[in-house]
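Here is a short briefing on charged pairs and on one helix crossing. Keep the structure open while you read.

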Amino acid sequence: MAANSSFMVDRREIEFVLFEYLNIQKLFEYSYFTDHSKDSVGEMLTSAISLCNQYLGPLNKIGDRTGCVHNKETKEVTTPKGTKEAYKQFVDNGFLTLSDPEEAGGIQAPSVIAAVFMELFSSANQAFTMYPGLTKSASHVLYHFGEEWMKKTCVPKIAAGTWTGTMCLTEPSAGSAVGDLKSTAKRNKDGSFRIKGVKQWISGGENDFAENILHLVLARIEGAPQGIEGVSLFLVPKKRFDKNTGKITGKNDLYCISLEEKMGIHGNSTCLMSFGDKDDCEGFLIGKENQGINYMFLMMNEARIGVGLQGLAQASVAFLNAEAYAKERIQGVDITDKKDATNPPRIAIVNHPDVKRMLLRQRSIVEGVRALIYTAALMHDESEHSPDNELKKKCQGFLELLTPIVKAWATDMGFHSIVQSIQTYGGYGFTKDYPVEQLLRDSKIASIYEGTNGIQALDLVGRKMRMEEGAIFMGWLERHTDFIEKYKDHKAIGAEAAILEEYIAGIAESAMHMAEVAKKGDRKAAIVNAYPFLMALGHTIIAGLLLEQAVVAAEKLSGNVSAAEKRFYANKIKTAKFFTHHVLPEAKSYLANVVSNDISCLEFEF
């Protein structure tokens, strides 16, 4: 049953979310997206799946086993065999610049479509997908904030696939507290800067398939204020080049010191980087001085949605593999045949109640996260391109509110879903003969980088829920209460809508509790349970989205559909019911944490 590639995809489920639940066809009526249609999306989807099957999927196991190799003498890095060819195919098929504007070399596809493909690519090979993912983000920063020569020279090189990009924030002494960085920038007479410092955990910091690598580096200009207010952003190329032509003119003073020895994503070169070891590292200011963190937020917000997609992707492919294995693995007899004196037939483990429970838990989490992230991506499209200004503003607010939940809930619940996938395999899941152990190792980083999930919770509670004096947060809850009011007597999910109403009330109550504690001046007590609150809110939102999908499925069932479609829609309803009755109740324990007045956690001395 073991295979060289673990890649699997449920195309029917993806198309349901896009075209039946979210109705993204409405986007094609906007002037920005008129070149796209349901048919063109289908063609791109076919192309993406083919790329995964032919290149990314087979490379995944190779990358995990061989990893990247660092030459200590030359400082060069060799990526796993096949990476260069896979990157070329990725670029040649147009996926690097899919959602970019035409003037930046893209085809202006909706962000929600780009999200679909990033899910597919990450599910086939997360380590590889990080190379184009960060490159794309770097290109976006240069396009939006860079000088004209950066837009005209660097962005096309990236779009052509000859140059790649990185994001260099973290240092050995400055992780989440970016303002503590020690990297410096000294002015040169020609307007450039000399960059000096060490950056850690730089994904794709060195590779052997790009002519040049553009590092986006945070550093402090001499004389700038301390802390985050004095941080600027610089373009620091691996190789120097002519600003007008892009022609390489020589080496820059930077190199990869070493590769990190990691738990997973071995196919990606995670580097410890030195800048200015010989005091001759040339860099160029991006935008204005001391505004670096604001520019980086463009990359970081994109990256946080991307990391949520990684959580979804790894959980999805783990579930699909576990489901396929459970259908094939013959073990034991039906529990009702236990006392049969004859020799009852052995059955596939998918028929055992506990395995069914584990599989349906995985399915409900995967389908719920997919609904959440695709919804957020659609809101990005609406916020950018809708002709309705009121809708644009509303979607922008909701997108900001949902981003920390997308990043944190998707990655933590995705990880725990993969744990269930391993459990479904039994002992085989613990071996390298099957793919789920690698998926677990590859996925754990997602809850850590681009802002740990604890930081996401602080962002949610401390900033996002307070936007417009709480109006955006309450507006999102109203989306659910309006749904409940409309469908509380629905034949298929009326009972579940009533259950959801109880949790919406609990969310509102706990939010008020945190606000009251904060008003009393005890900020630590107010935020100590920010993470449990995020998880409870995530559970509640996912339940709401799954029930919305169930209503769509019920409407489809009322029509004339094939037996296969009838099963698909009926299973959508069952999935929503299962999550509401068996996963959503976990939110009660999270909310109990939030409203508890116990502060033993803060009083404990370590």
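The points below cover salt bridges and then helix packing.

This is a predicted model. It holds 30 salt bridges.

- Arg-441 and Glu-437 join their side chains in a salt bridge, at 2.9 Å from N to O.
- Helix H10 spans residues 436–444 and contains both partners.
- Arg-441 and Glu-437 sit four residues apart, about one turn of the helix.
- Are Arg-441 and Glu-437 buried or exposed? Both residues are buried.

**Salt bridge Arg-463 to Asp-459**
- Arg-463 pairs with Asp-459 in a salt bridge, and their closest N and O atoms are 3.1 Å apart.
- Arg-463 has 43% relative accessibility, so it counts as partly exposed.
- Asp-459 has 14% relative accessibility, so it counts as buried.

- Arg-479 and Glu-548 form a salt bridge, with 2.8 Å between the closest N and O atoms.
- Arg-479 belongs to helix H12 (residues 471–487), while Glu-548 belongs to helix H15 (residues 530–557).
- The pair therefore ties together parts that are 69 residues apart in sequence.
- Arg-479 is partly exposed, because its relative accessibility is 27%.
- Glu-548 is buried, because its relative accessible area is 12% and the cut-off for buried is under 20%.

**Crossing of helices H9 and H15**
- Two packed helices are described by the angle and the distance between their axes.
- Helix H9 covers residues 389–425.
- The axes of H9 and H15 come within 10 Å and cross at roughly 90°.
- H9 and H15 are therefore roughly perpendicular to each other, since angles of 65 to 115 degrees count as such.
- On the H9 side, the contact involves Leu-402, Pro-404, Ile-405, Ala-408, Trp-409, Asp-412 and Met-413.
- On the H15 side, the contact involves Tyr-531, Leu-534, Met-535, Leu-537, Gly-538, His-539, Ile-541 and Ile-542.
- By class, the H9 and H15 contact has twelve nonpolar residues, two polar residues and one charged residue.

Conventions:
Residues numbered from 1 in each chain as written. Predicted model: local features only at pLDDT ≥ 70, side-chain atom pairs only at ≥ 80, totals over all residues. Heavy atoms only, no water. Salt bridge = Lys/Arg side-chain N within 4 Å of Asp/Glu carboxyl O. Helix = DSSP H or I, 4+ residues; strand = E, 2+ residues; numbered from the N terminus. Buried < 20%, exposed > 50% of the residue type's maximum accessible area, 1.4 Å probe, protein only. Axes fitted to C-alpha atoms, helices over the stretch in contact; angles between N-to-C directions. Parallel < 35°, antiparallel > 145°, perpendicular 65-115°, else oblique. Contact = heavy atoms within 4.5 Å. Nonpolar A, V, L, I, M, F, W, Y, C, P; charged D, E, K, R; others polar.
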